[in-house]
Amino acid sequence: MFRYLGMVWDDTNPQQQETAQLIAERLRELSSTWRQEFSAPGMQVFCAGVRDDALQLHRVGDHGGIVIGSLLARSRDLFSATPDQQFQFGATQSHEFVQSRGKWLIDHAWGDYVAFGYDANGYKWVLKDPTGSLPCLRTEYRGVSIFFSRIGDCLDLRLLRFTANETFLRCHMMAGSSFLDTSSLNEASPVRRGECVEFQQHSTGWQSTTRMYWTPLSYRGAEDLIEDPQTAALAMHSAIKAATAGLARMHRSLLLRLSGGLDSSIVAGCLKGTTERFTAYTYFSPIGRSDERPWARLAATHAGCEHIEYPLHALDLDLTLGLRMPPSPEPSPLLGFIQRNTIEREMIERTQATALFSGDGGDSGFCSDSLTYAVPEFLRQHGITPRLFRLASQVALLTEKSSWTVLTTAVRRVVANHNTGVPRDRILAASQLVSPEIKQAFSGHDSVSHPWFRDQRRVPWDKIRRIGTLMMAPDYYGVAVPADAPVPEVVSPLYSQPVIELLLRIPIHTHFHRGRDRGLARVAFVAETPEPILRRLWKDRAPGFHDQLLERERPFLKETLLDGVLARHGLLDRPLLEEVLSAGPTKNTVYPGEIFRHLDSELWARHWLGGSQLQPS
């Protein structure tokens, strides 16, 4: 797997210089695959692991730095579906990168990267791209700033110790940690997407500052909205087609997780003919009351790709595999870990795929998750017009409310300059097993301190719902394989920077074209998607999956949660948890999904708590 570790320090400080040398020596002792790829006074970057055409090292000319990861040139033609080409640093590009301290790169390239920059005046900076999933975390050791992708590499140095942050964990128990500017570990912090960390020597000494070069509210063209449905559909088609093809062409073989829903079917259609080998796979429940396979077969046939159907039964899953989960900066979903380490590994070996594509990001990007904000957004932009009343009736029909309720709610939100997020009572209902102390202290998500939105007078919940999981930490290393083993890149074209920026420029009511969920996307991709899928307005589910899994794994859940670190530290309501996990009848209304959410947190906390006490940030 691909990893990097970079260091930045004050090159006039002898102690920091010695510390940097010590870290470099430890890295080389760990594995011969660690190689120094960039060096300048006060900056070194090391990389290790298997690389393919997608994850590359892009060297900036005149010793100006290095960009790690995938990097494609940005097209400025809004209606060109030509695949974006891999980015190359020439003399002009290198000069602009250094002069802008990396900011130029965000407007002229895109991908999944971390950039290390250096100029002749001694300025140094580290930049994370706006939407990619390659992690970038920062810690300090004896004055040296360490930037790294995989926390296991820092642990292997045997120099650093990490502990869980109490504030983060308490918020996470209430499903709200991603809204806060809070690190999960006291000794490490994420470099957020679109964030740049700068270092320079001041009269007061060596200092670092952080700046947001990109947010979902501020990027090049953010104010230029595209409301006309025909123009928006053409632009959407071009952006997604170009991004998907550009990403696919960096891989000799790829897999697509194909559910047969609209989003993954669109990606399947855009992948047609882009790479030498393209295989789709579909999970299905052998005993489920609904079946996704007919829809997935339609999409696979339309895309002209091989299609694998894989039965997934709750009784076949082994939750004890979670005890093998590698340490991660934030809790990771156990079911996703099992899926990647058992089922997908078989398909990867069979197809030799170097990438796993998906339609993730479609529900948020195409505004299926934010339709309730369409009316207040329209009211803010256009005031009271006949179109407002038609839009309100369309939203009312889809949300099973009256048009009057939709309109009055929108007016209240606009007058109060306030949008509501997830209601407090809904979060409490989904967090019944959390200790009473934490629930009593929870006041709801009336504010957001995430650096993307911290200066906003009104919490932009409409925008937050439209960016999906981008506020969350990337789950890049959620596999249990040797560090130097090849691991396919996880690729979500609908989360790529050109696509996210374009979709955010299209108002929610335009996405809600003709009063249909993801109506604009259905128009834009009529050539890439089978007609029955375009007409389909529901998703097939596998009801009872979590209940069956809970029943089968009850002994493991009891042993793990009742005697776990969360219960021991008083973060879970142990009496209620014991009742829920008992085999007898109960009157509780705890949803099984909550139990598995806390299991994810428990397995994470065991790496960072053990017998230690929680520490606040």
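A polar contact is a pair of N or O atoms within 3.5 Å; within protein, one atom must be able to donate a hydrogen and the other to accept it. The model shown here is predicted, and the tour begins with a residue that illustrates this definition.

Select Arg-518 first, in the loop between helix H18 (508-511) and helix H19 (519-524). Arg-518 counts as buried, because its relative accessibility is 7%. Next, display the side chain of Asp-363, which is joined to that of Arg-518 by a polar contact of 3.3 Å.

Proceed to the aromatic residues, for which the count is 17 aromatic pairs. Select Tyr-283 and Tyr-310, an edge-to-face pair with 6.5 Å from centre to centre and 80 degrees between the planes. Tyr-283 belongs to strand S14 (residues 277-284) and Tyr-310 to strand S15 (residues 306-311), so the pair ties together parts that are 27 residues apart in sequence. With a relative accessibility of 13%, Tyr-283 counts as buried.

Then select Tyr-4, Phe-116, Phe-147, Phe-199 and Trp-206 together; ring pairs link these residues into a cluster.

Finally, select helix H21 (residues 545-552) and helix H22 (residues 554-562), which pack with their axes 4 Å apart at an angle of about 75 degrees. The two helices, H21 and H22, are therefore roughly perpendicular to each other. Show Leu-550, Glu-551 and Arg-552 in H21, which meet Arg-554, Pro-555 and Leu-557 in H22. By class, this contact has three nonpolar, three charged and no polar residues.

Technical notes
Residues numbered from 1 in each chain as written. Predicted model: local features only at pLDDT ≥ 70, side-chain atom pairs only at ≥ 80, totals over all residues. Heavy atoms only, no water. Axes fitted to C-alpha atoms, helices over the stretch in contact; angles between N-to-C directions. Parallel < 35°, antiparallel > 145°, perpendicular 65-115°, else oblique. Contact = heavy atoms within 4.5 Å. Nonpolar A, V, L, I, M, F, W, Y, C, P; charged D, E, K, R; others polar. Buried < 20%, exposed > 50% of the residue type's maximum accessible area, 1.4 Å probe, protein only. Phe/Tyr/Trp six-rings, centres within 6.5 Å; stacked < 30°, edge-to-face > 60°.
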